[in-house]
Amino acid sequence: MWSRKTFLFLVSASWPARAYTWPSPFDALEDAYTVSSGFGSSGIVDEVTPCSQSPGSGSAPGRQNTAEWLRTAYHDMATYNSTTGLGGLDGSIGFETNRPENVGSAFNTTVSFFAPLQTAQTSFSDLLALGVILAIKNCAGPSVAFRPGRIDATEAGPPGVPQPQESLQTHIAEFARQGFNATEMIALVACGHTVGGVHEVDFPQSIQGAITPDNPDGVVHFDNIATQYINGSTVDQLVVGFNHTTNSDAAIFASDGNQTMLGFAQSNDDFLSRCGDLLGRMLNTVPASVELGDAIEPLPVKPYQLSLVFNATGGLQLTGNIRIFGTSAAAAATNPADMPVQLLWTDRHGETSPSYSTTATWGSFLEATSLFGSIQFFDINAFIDPSAGISSFVVDWAYDADGPLTKSDNGGGGFPFQDVVIFQRVNSCHGAVNENSTINAVVCICLRISSHTPELLRL
Ligand code: HEM
């Protein structure tokens, strides 16, 4: 297990931050990164909370979602060929779970959890990488930056995941093919073999006699990998297992005269910082044709599920939420019910007016948490004059009831919001798989009959 007391000293592996403005193709991933539980959450962090959480909402004793996701990500990446640039973290594991190198239920369970969260803009491989980052952070592990943009494979790749019965030379060659030198191999294996363990049901060649009624899979945990390895108390079954042929951790950890493991045992900070760096590289090992975006950081102010509809009386109604995120002491201490949050819009002709504003309100159903700071959602329910419309908005807000107000304008230009094609959710229906869906939208054509007389036609 990673030690909780030191991880706060870590700094994320850093990439230059490009100004990320809303909307973006990565908005759903930013939501999933930022909102951990409660209103607006993706459910990813709930699946690994507590850190020991097993699949099926805790109904599989001896298994651990965090460990299974991390192992799945490594096995997906481990077929990468740094010479050809093919393979890497591309979701091909979904086509490879029957291979002997992918023994165990972990892979199908992990694929089944993340696959339903995919969308046209959110790949399985991005979700898996994000899930690993959130899971290890939630387990007091190192911080790893999340860079989006992975593209999923459409078929299996070549095999090539290291297996415990292989020789040290084979392991060194396999890690070199993946882009990691011999020292990095030692460190990355130690980082991986910090959560979870070896299961007798999957590796009876390495463990025997561990299965009991309370331990149906016969798991023996890795535990404090470096300290216990160095002080001789390790229970890692890939070090002290009865079968010397499958003691791959023993061969790997000793391959530099134990220097890397000794360093980790002496400094947990060093261990965490090396793990943050190497796990980041592992997750960012993608096919050469894929270009990852810059690291996602939580947006301080972000719209959530905003929608504009014509209501029954022909009025134009804006509903949805505004999310406010912060890491300051004021953000942590605020009472969201007291926070002034105001949305001020510009009409479709670029004009503002004191009447173009609405107060966003808080309610307990909007409670949410973030692994990275404090987060509050507010409800929007505003009526827009159909003849004037809306083209963008800004948000004025403060943590204290008395201000001072901060104006959030999405990096300068305001939050863009179009009123030209209006999706009518109430008049639309979603067919089952392979059935028709009906989508209704209103297309608004705005004619300026004179410079002061806008007209709105509804088709
Ligand atoms: C030579 C390289 C490696 C070999 C031979 C190897 C082998 C194994 C074996 C045999 C298990 C037991 C699986 C089970 O019983 O469920 C295991 C577990 C695990 N491995 Fe590795 N591994 C290697 C490298 C890595 C790396 C680089 C990572 C990630 C950075 C990793 C992450 C994990 C995790 C998290 C588990 C625990 C899984 C669980 O508890 O469900 N492994 N590994």
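**Figure 1. Contacts across the chain of this predicted model.** Among contacts (heavy atoms within 4.5 Å) between residues at least 6 apart in sequence, 66% join residues at least 24 apart. The chain has twelve helices and 15 strands; these are DSSP runs numbered from the N terminus, with helices (H or I) of at least four residues and strands (E) of at least two. Of the 459 residues, 51% count as buried, where buried means under 20% relative accessible area, exposed over 50% and partly exposed in between (1.4 Å probe, protein chains only). Residues are numbered from 1 along each chain as its sequence is written, and side-chain values use heavy atoms, with hydrogens and water left out. Because the model is predicted, local features need pLDDT of at least 70 and side-chain atom pairs count only at pLDDT 80 or more, while totals for chains, interfaces and linings use all residues.

**Figure 2. Helix 1 and its cover.** Let us start with helix 1 (residues 27–34), where seven of the eight residues are buried. Those seven are D27, L29, E30, D31, A32, Y33 and T34. Their cover includes helix 5 (124–138), and strands also take part, among them strand 4 (301–310), strand 5 (316–326), strand 8 (368–369) and strand 9 (374–384).

**Figure 3. Helix 1 against helix 5.** Two packed helices are described by the angle between their axes and the distance between the axes. Here the axes of helix 1 and helix 5 come within 10 Å and cross at roughly 20°; axes are lines fitted to C-alpha atoms over the stretch in contact, and angles run from 0 to 180 degrees between N-to-C directions. The two helices are therefore roughly parallel to each other, as angles under 35 degrees count as roughly parallel, over 145 as roughly antiparallel, 65 to 115 as roughly perpendicular and the rest as oblique. The crossing is right-handed, the near helix being turned clockwise from the far one by less than a right angle. From helix 1, L29, A32 and Y33 meet D126, L127, L130, I133 and L134 of helix 5. These contact residues divide into seven nonpolar, no polar and one charged (Ala, Val, Leu, Ile, Met, Phe, Trp, Tyr, Cys and Pro count as nonpolar, Asp, Glu, Lys and Arg as charged, and the others, Gly among them, as polar).

Figure 4. H193 sits in the loop between helix 7 (182–192) and strand 2 (197–199).

**Figure 5. A226 in helix 8.** Helix 8 spans residues 225–231 and holds A226, which counts as buried at 5% relative accessibility. A226 is 33 residues from H193 in sequence and 9.7 Å from it in space, C-alpha to C-alpha. Leaving aside residues up to four places away in sequence, A226 touches M261, F264 and A265.

**Figure 6. Backbone details worth a look.** Most residues other than glycine have a negative phi, and most peptide bonds are trans. A cis peptide bond joins W22 and P23, with omega about -5°, and P23 lies in the segment before helix 1. A cis bond also joins T49 and P50, with omega about 0°. A140, although not a glycine, has a positive phi of about 65° and counts as buried at 3% relative accessibility. N258 likewise is not a glycine and has a positive phi of about 70°, but counts as partly exposed at 27% relative accessibility.
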